[in-house]
Amino acid sequence: MQILNFSSIKSNLPLALVTLKDISNIKQNAKKDLQKNELENVIDYLKQQPGSRTEVVVDAEDNFKGLFYQDAHMQNIYAHFPEILLVDATYKLLDLRGMPVYLLMCIHGDGLSEIVAMFIVAEETKEVIQAAVELFKIH
């Protein structure tokens, strides 16, 4: 995961004035600096979170197909409120070239929804979705 240092941005504009062009330039510069193994860095970071469950789904040729994540809080919420499980997919949430993010949610005692797991899939095939659901069932 990369942290951008905005103090290095040179500008004669007042700090309160930021244009869309400024934001676009920052985004383009950040893309140039990204490492090729960024996915591996994200997976390593997620696996280091205390009590989290991070699993990677790959095919027979070891191609990335999905990423499952559930932290300790998510596990605790689901353990207490497993009666209703909602599934929703959102697109363009992350800049991941068309990879949808699936959120598994339950309803807690106050009637509000809580995310209890998430997974990102590289393709929405039966096999990939089924593998992600099986990982949720295991954990």
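Start with the salt bridges, of which the structure holds three; the term means a Lys or Arg side-chain nitrogen within 4 Å of an Asp or Glu carboxyl oxygen. Before you click, note that this is a predicted model, in which local features need pLDDT of at least 70 and side-chain atom pairs count only at pLDDT 80 or more, while totals for chains, interfaces and linings use all residues. Residues are numbered from 1 along each chain as its sequence is written, and side-chain values use heavy atoms, with hydrogens and water left out.

**Stop 1: K65 and its partners.** Select D59, K65 and E123, which are linked in a network of salt bridges. K65 meets D59 at 3.9 Å, N to O, and E123 at 3.0 Å, N to O. E123 sits in the loop between β5 and α4 (126-138) and K65 in strand β2, so this pair ties together parts 58 residues apart in sequence. (Helices are DSSP runs of H or I with at least four residues, strands runs of E with at least two, numbered from the N terminus.) K65 counts as buried at 15% relative accessibility, whereas D59 is partly exposed at 22%; buried means under 20% relative accessible area, exposed over 50%, and partly exposed in between, using a 1.4 Å probe and protein chains only.

**Stop 2: helix α4.** Pick E134 and K137, three residues apart in α4, about one turn of the helix. Their side chains form a salt bridge at 3.4 Å, N to O.

**Stop 3: the sheet.** Now show the strands: five of them make an open sheet in the order β1-β2-β5-β4-β3, with antiparallel pairing (strands pair if DSSP finds at least two bridges between them). β1 (53-58) and β3 (85-90) are the edges, each with a single partner strand, so one side of each has no neighbour in the sheet. Zoom in on β4 (residues 101-107) and β5 (residues 113-121), which pair over seven bridges; L103 has M118 in β5 as its bridge partner.

**Stop 4: the β4-β5 loop.** Select H108, found in the loop between β4 and β5. H108 is buried, with a relative accessible area of 13%. Leaving aside residues up to four places away in sequence, H108 touches F81 and E114 (contact is heavy atoms within 4.5 Å).

**Stop 5: helix α3.** Which residues of α3 are buried? Colour M74, Q75 and I77. Down the helix axis they fall within an arc of 165°, so they line one face of α3; the arc is taken from the directions from the axis to the C-beta atoms. Their cover includes β1, β2, β4 and β5.
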